[in-house]
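Student: Please give me a close look at one part of this model. Then set that part in its wider surroundings, with the cut-offs behind each term.

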Amino acid sequence: MATALVSATGADPADDLRRGDTLALRWRTGFDKSMGYLLPLLFLVALIPIIDLVWYISSQAIPTLSWQVLTSYGNYQSQDALGVPIVTTFLFVTLATTIAVCIGLFGGIATAEFLSDQTAAWVRTSANLLAGMPSVIVGYFGYFLFCLYFGWGLSFVAGVFTLSFFMCPYVFRTADLAFTSVPRHIREAAYGSGTKPVQYILKVGTPIAFPQILTGVFLAMAIGVGETAPIILTVSPSVLVPTGLLSPATYLTYLIYTGWENAATSHLALVIAYQAAFIIIVTVLALNVVVRVVAAWYRKRLAGLYQ
Amino acid sequence: MDSNPVAGNPGDREPIPPDIVDPLPKAPPPSSGAPAGTGRAGFVLYKIVPLAPALVPAAIVIAVAIVLVHVAGLSIWFTGWQLHVTLPMNFGTSFWGSAFNANDGQYGMAVFIVGSFLTAVPALFLSMIIGLGIAIASTTYLPDFMARILDPFVDLLAGIPSVVYGIWAFLVIAPYLGGTVFPWSVGHLAFIPGFAAHTTHPVSPTTEGTGLPLAIIVLTLMALPITTLLIRDALRSIPRDLWESGLALGATRWEVVRRVSIRQGSRGILSAAFLGFGRAIGETVAVAMVISASDRFPVNVYDSTYTMAAFMYLSLDGAYGDPSFLAALAELALVLLLITLAVNLIGRRLVSHIYAQEVAGL
């Protein structure tokens, strides 16, 4: 308090000093308070776009959407029919999720339970790298490997595998994290009472880790539904539901992309793009909400285990 | 609770159980814990078999690199790794050349690399500043219940697919930019270098509104959830002792954040920058939709250009059956792969644990 002081209240500076009420202090607290009002405003930068995006897409899509549009299996290039893309997307995501869960679940459990710390660190790093890989590179990989080397062409199955490669690190990491975060006393009690590792995984670990694994699977599905580049690069478009593994196929995000391509010329393509975007947003948001609910439930459960 | 760095912190809403942080004992070795799995069979069962699924992600990463190198082999073979050397081969003028013309066999890649950085770096800068502000507000200033309500909205930004961002930006932001913002900025900011209009070929800004600024806006939005989330985690993991001793010394909340929290959490904040950059530079479809692809260096801030990812995405169709073009594209993919791998590796190494697993795309 040895700095030169200007009276903040206009009275004797010595009184201010005694009360610690100096201009410098007022400035500091005032700055702190104004930051308290200004910084939360930055939330608007995130809130306005997401609200505007959801509102815009919904307002464009909802008036044209009907049950008939969702369930008619016509040619989406000539009429407003989304049955084929929805069914095909469902097929894609289901199959890709199955493969991704097979890779990710077993891999994550093995990493958490059996691998030495050093190996596990390497494996985790590589899973993180795979998760951080740009979608276009995964798409290129799928194109070169499945479409060219394996000779599958631009086909449904190439898209499924590429998509599953894109999704598997998310399942992997949540499975790993879920099994790593099983409370230690439960772990040690299980092993202390003579449980074998496989029994431990099936009977003790899985029930505790299940909600978190489910979270990872849902997140991977949300990512898969919204992914564009891997699908467009490895699957040739079609207006029909794929009949075999090597047949061409379509995807909801592909409709949005073609809607953008033909925005100037085709009104129908744009309408379908809005509808597809609306369906994808609803799906992704629903999956995210489910994830949050499950995660909250999981935290409560875990907190219970600690008591 | 001894040396756990994440024990308590100022905005601690979801305390992380200490056992998650501590390294856990692995499954006991077969000889000690599991009587059934002793000997050679146990070794195979518990050591070798689990390796197979666990190594799949690593195998995929390595396979991606091998496949890309193999396809790019033609290009690498002819131009070597010192790709900037001009060669007499028909294959290309130079790696750093700006000409990219598949018909002439010219595969200069400078435009795409420069374009990627021109979009990703400003976007990262913006999203770091905004993310820092949001994270400080949510951990320090906002009451708990408001932060609980508002935080998920930022996280939801990560859940919106990139193609939806693309079409929304193209149809909503682009007309506004082209019709309102660009004319104003040409009129009022022309004294700043790069902000003046370019009237000859290429005409820039166009009334369409697509181009660099729109790509930067979209990338900012897409990197924002990651940076915000990681910075929030970093600020939350500051020990409560530090926070309270700062306040007890008479510092204001802002001063504690500014001088204690940000310094203590600097690693987490830096990792947010790296991971956000990895996200921004790898973003494909949204950028391809809003950058109004043209393979030239931008003449001013409104101009269109190309990014590596967008170019790779848009030109794979045209490269079908042209091995040299494919090789050039694969080489570009390798460059992008190396950049993203390096950035992600550094970003993940900076923070040993990333708790924020429950957000898509991180």
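Tutor: Helices are DSSP runs of H or I with at least four residues, strands are runs of E with at least two, and both are numbered from the N terminus. The expected span of a helix is 1.5 Å times one less than its number of residues. This is a predicted model: local features need pLDDT of at least 70, side-chain atom pairs count only at pLDDT 80 or more, and totals for chains, interfaces and linings use all residues. Residues are numbered from 1 along each chain as its sequence is written, while chains are lettered from A and ligands numbered from 1 in the order in which they are written.

Take helix α6 of chain A, residues 117-132. Its 16 residues reach 22 Å from the first C-alpha to the last, close to the expected 22 Å. The buried residues of α6(A) are A:V123, A:R124, A:S126, A:A127, A:N128, A:L129, A:L130, A:A131 and A:G132. Buried means that 20 or more other C-beta atoms lie within 10 Å of the residue's own; exposed means 12 or fewer, partly exposed is in between, and C-beta atoms are placed from the backbone.

What covers these residues? From chain A, the cover includes α5 (83-113) and α8 (156-180). From chain B, it includes α3 (51-54), α4 (56-71), α12 and α15 (323-350).

Look at α12(B), residues 266-282. Its 17 residues should span 24 Å, and its end C-alpha atoms are 24 Å apart, which agrees. In α12(B), 14 of the 17 residues are buried, so the helix is largely enclosed by the rest of the structure.

Next, the loop between α7 (135-149) and α8 of chain A holds A:L154. A:L154 counts as buried because it has 21 C-beta neighbours inside 10 Å. Its C-alpha is 5.1 Å from that of A:T234, 80 residues apart along the chain. Beyond neighbours within four places in sequence, A:L154 is in contact with A:C147, A:T234, A:V235, A:S236 and A:P248. Contact means C-beta atoms, placed from the backbone, within 7 Å.

Now chain A as a whole. It has 13 helices and zero strands. Its radius of gyration is 27 Å, well over the 19 Å that the globule rule gives for 307 residues, so chain A is more spread out than a compact globule. That radius is taken over C-alpha atoms, and the rule is 2.2 Å times the number of residues to the power 0.38. The C-alpha atoms fill a box of roughly 90 × 65 × 35 Å along the principal axes. Buried residues make up 49% of chain A.

The contact between the chains takes 87 residues from chain A and 79 residues from chain B. Helix α13 of chain A, residues 267-305, gives the most to the chain A side, with twelve residues. By class, that side has 58 nonpolar, 18 polar and eleven charged residues. Ala, Val, Leu, Ile, Met, Phe, Trp, Tyr, Cys and Pro count as nonpolar, Asp, Glu, Lys and Arg as charged, and the others, Gly among them, as polar.

A:A277 and B:V218 touch the most other members of the largest nonpolar core, which has 204 residues. Such a core is a set of buried Ala, Val, Leu, Ile, Met, Phe, Trp, Tyr and Cys residues joined through C-beta atoms within 7 Å. Beyond neighbours within four places in sequence, A:A277 is in contact with A:I57, A:A61, A:I256, B:V164 and B:I167.

Finally, confidence. The model scores ipTM 0.88 and pTM 0.86.

Terms used. Contact = placed C-beta atoms within 7 Å.
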